[in-house]
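Subject: Structure handover

Hello,

Here is the structure I said I would pass on. My notes on what was found in it follow below.

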Amino acid sequence: MSNDIRRQPGPEEAICVTGVGSELQGVGRLADGRAVFVPGAIPGERVRIAITQDKVRFCEAFLCAVLEPSPDRVAPDCPHAGRCGGCQGRHMRYGRTLELKRQVVADALERIGGIHGAEVRPTLGCAAPDRTRNKAEYPIVRSDGRMVIGAYARSSREVIPLEDCLLQRPESVRALRAVAARLETLDCASHIKGLVTRVNRAGELMIVLCADAPVQAGLQRLSPALAAELPELKSLYFCHLNRRPAHALDGRCALLWGEATLKETLLGLEFRVSPQSFFQVNPDQTEVLYAQALEAAGIGPDCGLSVLDAYCGAGTITLAAARWATHATGIEIVAPAIENAKDNARRNGLGDRARFICGDAAVEIPRLLARGQRFDAAILDPPRKGADAALLDALARARIPCIAYVSCNPATLARDVKRLSEQGYALQYAQPVDMFPWTGHVETVCLLTHS
């Protein structure tokens, strides 16, 4: 256990770790029978813990000592492991994290979804699980009279200074160091709140500096030095954050230097990525994930299917389906995303095989059906909160033969699978995919068919 983790007062006791939580925490039982969640513990271990949150039905605890270690325990390869909020699994071998993610999906489907004995396939992992991310968000604060750039500590707004991050591409790390070296020289430093980087598969870099005041003139003076030090740099942006930003890029972006977008490829298709575009952060595993979704929906060369893609975003899955399907329809309520999707369709020569509709899918699907439109398969890829109940009900009324549900949250996935199963759909299997190595996050593709 890292010495950086600060212990909190509370009763201590030894427990056996028998299960896993949604963030790869170990789960055991206290003497009174309550479940206790212990970050850093691995199923199969006996550990000594200190209670940090004592609740009626469960507790949370610090790991004080490992009394009987798991054979899967390893020394973390990051000095910030256990304190940084970025990774939850660097204290165990990578293969064990994949097994535990599969268990998290299986547990959610049984406990929340009421699906007993579901077929949950082994998690599809990364061939090389380090430095897989194409996007990074580094918070910046002033602490003890100096500017600090890095990552948030676990369950905290404290910023841990970083010089490297094993999750991020080398180009992103070089940008982190280059910006960190120049922060103290900027008159506007106190207004800078974050650095966001994007790196495409070609190794080209986009930098976004985020601030709570209109300081683009001061930041623009950085461009010659950054361009000289970072030959991979293609774009430098400024983001003027909203008053209470909900996320790292919640504001208005302005190009300070270079090209407006980065070119990225997925499954042989080309996409243009701007600072605020949604794009999956692990392109290699995204191709694995999307291939699983297409296979689940029965979409392949000359399949002759008509496909619906709800929550289509910028149209990545829709266009992947349109290459082989007779026609693909994407629906998304966010207008800029639909404009991006249409542009991506034109860029890839799929404008005649893909249609994009801006609106609420729960409203648009019944309208399409009323006009005689029929779909052979549907793909859902909702945000973390899951699909809207009205949308699930609309799909059920349409009796689309199969649904490929792509989820980043096992809990809301299980909830939605339960709702669909109550309306005539049967879960055939769940396929976890490790999009975010070393973290508690897992993507899953579920195939549901109408009985």
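Two strands are said to pair if DSSP finds at least two bridges between them. Helices (H or I, at least four residues) and strands (E, at least two) are DSSP runs, numbered from the N terminus. This is a predicted model, in which local features need pLDDT of at least 70 and side-chain atom pairs count only at pLDDT 80 or more, while totals for chains, interfaces and linings use all residues. Residues are numbered from 1 along each chain as its sequence is written, and side-chain values use heavy atoms, with hydrogens and water left out.

The chain as a whole

The chain has ten helices and 21 strands. Its radius of gyration (taken over C-alpha atoms) is 23 Å, close to the 22 Å that the globule rule (2.2 Å times the number of residues to the power 0.38) gives for 451 residues, so the chain is as compact as a globular protein of that length. Along the principal axes, the C-alpha atoms fill a box of roughly 65 × 60 × 40 Å. Of the 451 residues, 54% are buried, that is, under 20% relative accessible area with a 1.4 Å probe, protein chains only. Contact means heavy atoms within 4.5 Å; among contacts between residues at least 6 apart in sequence, 63% join residues at least 24 apart.

The seven-stranded sheet

Seven strands form an open sheet with mixed pairing, in the order E8-E7-E6-E9-E10-E11-E12. Its edge strands, E8 (159-161) and E12 (251-258), each pair on one side only. On average, neighbouring strands of this sheet are turned by 35 degrees against each other, direction ignored. Axes here are lines fitted to C-alpha atoms, for helices over the stretch in contact, and angles run from 0 to 180 degrees between N-to-C directions.

Within the sheet, E9 (residues 192-199) and E10 (residues 205-211) pair in the antiparallel sense over seven bridges. Ile192 has Ala211 in E10 as its bridge partner. Helix H2 (residues 170-182) lies across E6, E7, E9 and E10, and runs at about 150 degrees to E9.

Helix H8

In H8 (residues 361-370), the buried residues are Ala361, Ala362, Glu364, Ile365 and Leu368. They lie on the same side of H8 because they cover an arc of only 165 degrees around the axis, taken from the directions from the helix axis to the C-beta atoms. What covers them includes strands E15, E16 and E17 and helix H9. At the start of H8, a side-chain oxygen of Asp360 comes to within 2.9 Å of the backbone nitrogen of Ala362. Gly372, which follows H8, has a positive phi, near 95 degrees.

Regards

Technical notes:
Buried < 20%, exposed > 50% of the residue type's maximum accessible area, 1.4 Å probe, protein only. Polar contact = N/O pair within 3.5 Å; in protein donor to acceptor, adjacent residues only side chain to side chain.
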